[in-house]
Amino acid sequence: MPIELNITDQGFPNNVNGLKAWKMAFNSARWTHYAFATSVVLTPDGSKQLGSSGGGFAWQWKTAANYHADRYLNFLTDAMKRFDKSEVAS
C-alpha cells in the first residue's frame with residue numbers, strides 16, 4: 001500500500017526500521033531539510049528496505065529513477081523481485 005510521508009510536518013516514524021538509513025541521511029546535512037524527496041519500497045512490516053529510487057536531487061536528473069519512467073518502473077520491478085525472494089513473501 002503506497003503512503004506519503006511528509007517528514008517536514010510528521011518527522012520519521014520511530015517504529016519503521018526500514019527508513020533508518022534515510023533518517024540518517026536526512027539528519028546528516030542541514031540543506032536536506034529544505035529539499036529531500038525519494039521513493040522507498042519497504043517490507044509490509046516496515047522493517048526492511050526493498051528498494052529506493054535514489055536521492056532524486058535536481059542535479060541527478062540524467063540518472064535518477066525519479067525523472068525517468070522506464071527507470072522508475074525498473075526500480076519498482078526490482079523491489080518486487082526482492083520481496084518475492086524474501087521470507088516475508090513465503
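Helix α3 gives the largest share of the lining of the largest pocket, with 4 residues; helices here are DSSP runs of H or I with at least four residues, strands are runs of E with at least two, and both are numbered from the N terminus. The model is predicted, so local features need pLDDT of at least 70 and side-chain atom pairs count only at pLDDT 80 or more, while totals for chains, interfaces and linings use all residues. Residues are numbered from 1 along each chain as its sequence is written, and side-chain values use heavy atoms, with hydrogens and water left out.

**Confidence**

- The protein has a mean pLDDT of 88, and 99% of its residues reach 70 or more; pLDDT is the predictor's confidence in each residue, from 0 to 100.
- Confidence is lowest in α1, at a mean of 83, and highest in α3, at 95.
- Where pLDDT is low, the predicted coordinates should not be read in detail.

**Largest pocket**

- The volume of the largest pocket is about 990 Å³. A pocket is an open set of points on a 1 Å grid over the protein atoms alone, where a 1.4 Å probe fits and protein lies on both sides within 12 Å along at least five of seven lines; lining residues have an atom within 4 Å of a point. Grid points are joined across faces, edges and corners, and the volume is the space filled by probe spheres set on the points.
- The lining comprises 33 residues, of which Met-1, Ile-3, Val-40, Val-41 and Leu-42 are the closest to the pocket centre.
- Two or more lining residues come from each of α1 (7-10), α2 (20-28), β1 (40-42) and α3 (69-85).
- By class, 24 lining residues are nonpolar, 8 are polar and 1 is charged. Nonpolar covers Ala, Val, Leu, Ile, Met, Phe, Trp, Tyr, Cys and Pro, charged covers Asp, Glu, Lys and Arg, and the others, Gly among them, are polar.

**Nonpolar core**

- The largest nonpolar core consists of 6 residues: Ile-7, Phe-12, Val-16, Leu-19, Trp-22 and Phe-26. Such a core is a set of buried Ala, Val, Leu, Ile, Met, Phe, Trp, Tyr and Cys residues joined through side-chain atoms within 4.5 Å.
- Beyond four places in sequence, Phe-12 is in contact (heavy atoms within 4.5 Å) with Ile-7, Leu-19, Trp-22, Lys-23, Phe-26 and Phe-36.

**Loop residues**

- Thr-43, in the loop between β1 and β2 (49-52), counts as buried at 5% relative accessibility. Buried means under 20% relative accessible area, exposed over 50%, and partly exposed in between (1.4 Å probe, protein chains only).
- Leaving aside neighbours within four places in sequence, Thr-43 contacts Lys-48, Leu-50 and Val-88.
- Lys-62 is placed in the loop between β2 and α3 and is exposed, at 56% relative accessibility. With neighbours within four places set aside, its contacts are His-68 and Arg-71.
- Gly-11, in the loop between α1 and α2, is partly exposed, with a relative accessible area of 25%.

**Helix α3**

- Asp-78 belongs to helix α3 and is partly exposed, with a relative accessible area of 34%.
- Asp-78 and Ala-25 are separated by 53 residues in sequence and by 23 Å in space, C-alpha to C-alpha.
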